[in-house]
2 protein chains.
Amino acid sequence: MPTLDDKHWFTEVEDVAGSAFSLLIRRKLHEERSDYQTIEVYETEHFGNLMVIDGFTMLSSRENFLYHEMLAHPVLLTHPAPKRVCIIGGGDCGTLREVLKHDSVEQAMQIDIDERVTRIAEQFFPELTASNDDPRAELLFSDGIQWMADAEPGSLDVIIVDSTDPVGPAQGLFTADFYTDCRRALADDGLLVQQSESPLFHLDIITSMHQDLRSAGFGAVRTLFFPQAIYPSGWWSATMAATGEAIPDFRRIDAGAALDTTYYNADIHAAALAQPQFVRRHLAAQD
Amino acid sequence: MPTLDDKHWFTEVEDVAGSAFSLLIRRKLHEERSDYQTIEVYETEHFGNLMVIDGFTMLSSRENFLYHEMLAHPVLLTHPAPKRVCIIGGGDCGTLREVLKHDSVEQAMQIDIDERVTRIAEQFFPELTASNDDPRAELLFSDGIQWMADAEPGSLDVIIVDSTDPVGPAQGLFTADFYTDCRRALADDGLLVQQSESPLFHLDIITSMHQDLRSAGFGAVRTLFFPQAIYPSGWWSATMAATGEAIPDFRRIDAGAALDTTYYNADIHAAALAQPQFVRRHLAAQD
């Protein structure tokens, strides 16, 4: 049975599930301790570059398209006319790049607490930051929780919470207080989406998020599912919430057809909204 | 960075992708060399029991429902009246169990070359073999390739190829010759489904399978996608082929609603048929 040494392999252990995922690496390209976290970059054998924060895999060149497309496109094509978009977190700029593919968007703000993530992405993942000079893009480096508390009521159409796991600096982004501020900052027809971990390993996080979003005044909540090879279980989710009473499946399906994507298309959008039977049962039991 | 020792972890390395997946184990429950392969069973910390064949993870108690449900239910609910079903491989009996949930099925034959897989499943995965005394079930232990070559023309409604990877004893199940025999054994409206590896890592296998199935006389071919945590990339596929000129999405959606499942439901069935953009492009380029 193979033993994986730490010279040739980067390994992330998921304690809750007793599982681990490893990638064969050629070398470590970078490591630093920023004001908020430890950021590492590896050159892998078959996944391109890999960014790791506090020991957790964040993204690889090879398959970040799955996560970034699924965080940006479903919510933006569900909103009837998203003009003002705010990304909380997302310092690698991959989500921002997807957001800027939408012609309706007039302003795309990215608020990440750690500027170093963006600077490192510029160096090691230049394809993700290539749209950063778009005049609609605005990169702010500050505390997203405080920023949202200060945001003008009704000033945003879509909020995308592209955070790390609910430990460390991102913990405050998984709370009803934060969602209440988001709800207030959203205009009519406003939508929020947030990465919500693995359906197989973290169903409790998805459940709490549903409860917290509803208690913060969101009228409808719906979880999307998609594959993500480098995250625990290889299966990930994002949870969408509407200021209104329902989340329509699509409102601008025609706009979606024009997007240049690798995973997303209209069929995949609809597919991501399908609720596995065990999730359906679990969420129904909480209502 | 964690180093995974082989005392506490079972690790499967995927050479093509330079990735590895590991599960925390309590102990090895069983190991034997059968006439065909090496079979191991581990007790894991959080995934229940784990069956490993020739070093590759086959199934865990915790999440085999994904694979078995997605191999059985979509194809059986697409066929208008599946009465005679044949499973090639599938020695753990998990697919057979799902097949037997369908009232329309009158005969469910499982042809696995290695009887030891079934005997070990009886001992360590009794929940999978619990339906084996159903009078409709017939367990044969012989070479599925030869069996299919000898099968009476038009004698089967649905063929499910539930095999290991296309190396070793299963290699012959991924060939146009085998598909030609399957095509001949199927009646009108007949359908075949076969596990077809990871869309992220093995798109070439999916592509060859499409070509081989068409060259064997199948009129329509369609790949289904679903998560599978313990398989490489955590994302898996099965490819369905029809003797007719099209694969309708469902024909017996009402029958599906009555099934007792953990992952599958009608929404998930439709979702699994959605083709990711890169798969769509890749397959279109081959046509």
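Modeller: Contact means heavy atoms within 4.5 Å. In this structure, 100% of the interface residues of chain B are also interface residues in chain A, so the copies meet through the same surface. The model is predicted: local features need pLDDT of at least 70, side-chain atom pairs count only at pLDDT 80 or more, and totals for chains, interfaces and linings use all residues. Residues are numbered from 1 along each chain as its sequence is written, chains are lettered from A and ligands numbered from 1 in the order in which they are written, and side-chain values use heavy atoms, without hydrogens and water.

Biologist: Which residues does UniProt list for "binding site"?

Modeller: UniProt positions are given in the numbering used here, feature names are shortened, and annotations may be inferred rather than shown by experiment. The unreviewed entry lists Gln37(A), Asp112(A), Asp143(A), Gly144(A) and Pro169(A).

Biologist: Is Asp112(A) buried or exposed?

Modeller: Buried means under 20% relative accessible area, exposed over 50%, and partly exposed in between (1.4 Å probe, protein chains only). Asp112(A) has a relative accessible area of 9% and is therefore buried. Among its contacts beyond four places in sequence are Gly89(A), Leu140(A) and Phe141(A).

Biologist: How does Asp143(A) count at 35% relative accessibility?

Modeller: Asp143(A) counts as partly exposed. Leaving out residues up to four places away in sequence, Asp143(A) touches Ile111(A) and Ile113(A).
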